[in-house]
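Hello,

Here is the structure we discussed. My notes follow below it.

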Amino acid sequence: MKNAAGALLSSIQLDRNSRVSVSVQLYQALRELILSGGLRAGDRIPATRTLAKETGVSRTTVIDAVDRLVAEGMLVSKVGAGTYVSDTLESQRPPQIVNDTETTNVPKPRLSYTISHAQESFAPRAWLPHKAGSFVTALPALDAFPVAHWSRISARHMRGERGLVMGYGEPKGFAPLRRAIAMHLKALKGITCDPEQIYITTGAQQAFSLIGRLFLNPGDRVWMENPGASGARNALLSEGAELVPVDVDAEGIVVEDGLKKAPHFRLAFVTPSHQQPLGHVMSLARRFALLQAVEDAQGFVVEDDYDGEFYFGNSPQPALRSIDTGERVIFVGTFSKSLFPSLRLGFTVVPHRMIEAFDRLFASWVSGPPTMTQAIVADFMDEGHFATHIRMMRRLYKARFDTLMEASEVLKGAIDVQPTSGGFHTPAFLASELDEAKVIAQAAERDVTLAPLSRYCLAPIEQKGFALGFGSATPEEIRKGVDVLRDLPEVRKKLV
Ligand SMILES: Cc1ncc(COP(=O)(O)O)c(C=O)c1O
């Protein structure tokens with residue numbers, strides 16, 4: 001190959017051990033040369049026979065690659081005259097951007113005002129863990145999941161009617177699943193609702209986003225428990241919310257504080273059955289005060305019941321939604337805790353007056369979770385496995401919680417683990433003279449993950465400490481985790 005194009009083409013390296021076929025590699029290399037300007041408009045490509053000889057591949061392989069570029073319009077074949085780089089590339093070649101982390105002159109895309117503003121208040125590190133461990137939050141007991149029932153139901157659906165689980169599903173969610181959820185809510189939460197009020201989402205986070213999208217104008221004020229849920233915080237911020245951090249005490253959100261800071265609010269986000277992350281159950285008085293406040297503001301409450309199935313205390317409170325006579329509560333549930341998080345399956349129960357708006361949203365563009373997944377969960381519930389699983393997990397989480405409380409006696413004075421009455425995480429308060437960041441770093445060096453309370457705070461709080469998960473670890477792992485904490489240099493300062 002004597003011309004300039006020939007010299008460039010001889011630089012092509014083909015890897016015969018690659019899983020990508022040689023023909024595809026050659027096609028990609030030629031394409032890259034054309035797009036990067038190495039081969040210019042009008043350059044003649046050597047004859048396929050010559051190319052085959054130079055690159056050491058068969059002529060058929062070269063013809064495959066060249067034909068593909070001719071079909072794409074990058075090369076043009078002229079009968080009797082050879083193959084050339086298309087002239088189109090002269091006038092219409094897009095500017096070339098070097099994808100190099102060192103390159104500083106490439107302008108960043110201009111983000112929307114809403115997102116730029118939201119990012120300033122995003123909770124740091126809101127993504128959730130996938131690996132179980134002593135104090136890992138948010139993960140249920142994956143070791144205790146009844147995989148056999150799940151596999152059997154799943155196989156049955158694969159053999160069943162294909163259109164049902166392989167076609168596009170019903171926009172608001174698989175009807176049998178919505179019916180099963182309505183029954184479950186009645187039995188467990190005292191919520192009476194029509195399946196038509198239920199919308200299936202890809203987890204609670206998607207429900208929060210959709211609620212925000214439907215009801216918020218940029219700058220609308222949203223009460224947010226402080227400390228509070230970090231995923232919901234980011235979802236609502238992304239929809240334009242102006243979040244108002246509202247204090248939390250042992251009875252739940254302090255309504256008085258919310259009224260003082262923002263009497264005119266559009267939404268209030270709360271976790272009444274198990275405050276995230278402090279673990280309190282909202283008192284009945286506070287529930288009524290909150291309902292009165294939203295009625296006065298003509299707003300709505302978003303009730304996030306993320307782990308409410310696992311209440312193991314003495315006197316369960318019914319859902320806020322169950323005492324909402326004014327149609328002001330939007331209930332959000334998830335299967336991330338009651339089954340497992342990778343399902344990406346949640347739901348929202350909306351007041352009657354919102355059905356039309358939600359129906360239109362879901363029918364227009366919302367893409368929900370796979371129908372296959374929904375169908376498996378519907379059967380899992382209808383056959384009674386869900387109720388059994390919840391009963392067993394409630395006992396198991398209580399046992400794991402008791403182990404944590406008992407083992408953590410040795411930490412008293414340095415790290416005080418707080419009692420809770422449900423779910424599978426509880427706060428642990430750190431003595432004021434100890435350094436939270438040091439404890440986290442020293443624990444991480446020993447492979448123990450701690451979630452600081454500050455991660456849940458929209459506005460700083462005085463209390464230092466951690467949210468300790470106890471759901472995904474065995475009692476032995478929990479005890480080992482406590483031993484690790486006891487031996488941390490920063491913790492020892494206070495224990496000895
Ligand atoms: C407060 C809260 N709500 C909801 C969820 C569940 O979100 P999703 O259903 O999107 O997994 C979590 C997950 O940890 C959470 O902490």
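Which residues does Phe269 touch, leaving out those up to four places away in sequence? They are Val222, Trp223, Met224, Glu225, Gly228, Ala232, Leu236, Val302 and Asp304. Contact means C-beta atoms, placed from the backbone, within 7 Å.

Two notes on the source. This is a predicted model: local features need pLDDT of at least 70, side-chain atom pairs count only at pLDDT 80 or more, and totals for chains, interfaces and linings use all residues. Residues are numbered from 1 along each chain as its sequence is written.

The cores. Phe269 and Val301 have the most contacts inside the largest nonpolar core, which has 68 residues. A nonpolar core is a set of buried Ala, Val, Leu, Ile, Met, Phe, Trp, Tyr and Cys residues joined through C-beta atoms within 7 Å. Buried means 20 or more other C-beta atoms within 10 Å of a residue's own, again placed from the backbone. Helix H15 (residues 371-382) gives this core its largest share, 6 residues. Helices are DSSP runs of H or I, at least four residues, and strands are E runs of at least two, numbered from the N terminus. Another core, of 35 residues, lies apart and includes Ala141 and Val482.

Helix H10. Of its 12 residues, 9 are buried, so H10 is largely enclosed by the rest of the structure. Among the buried ones are Phe208, Leu210 and Ile211. Their cover includes strand E4 (198-201), helix H11 (230-238) and helix H14 (355-364).

Best wishes

Note on methods
Contact = placed C-beta atoms within 7 Å.
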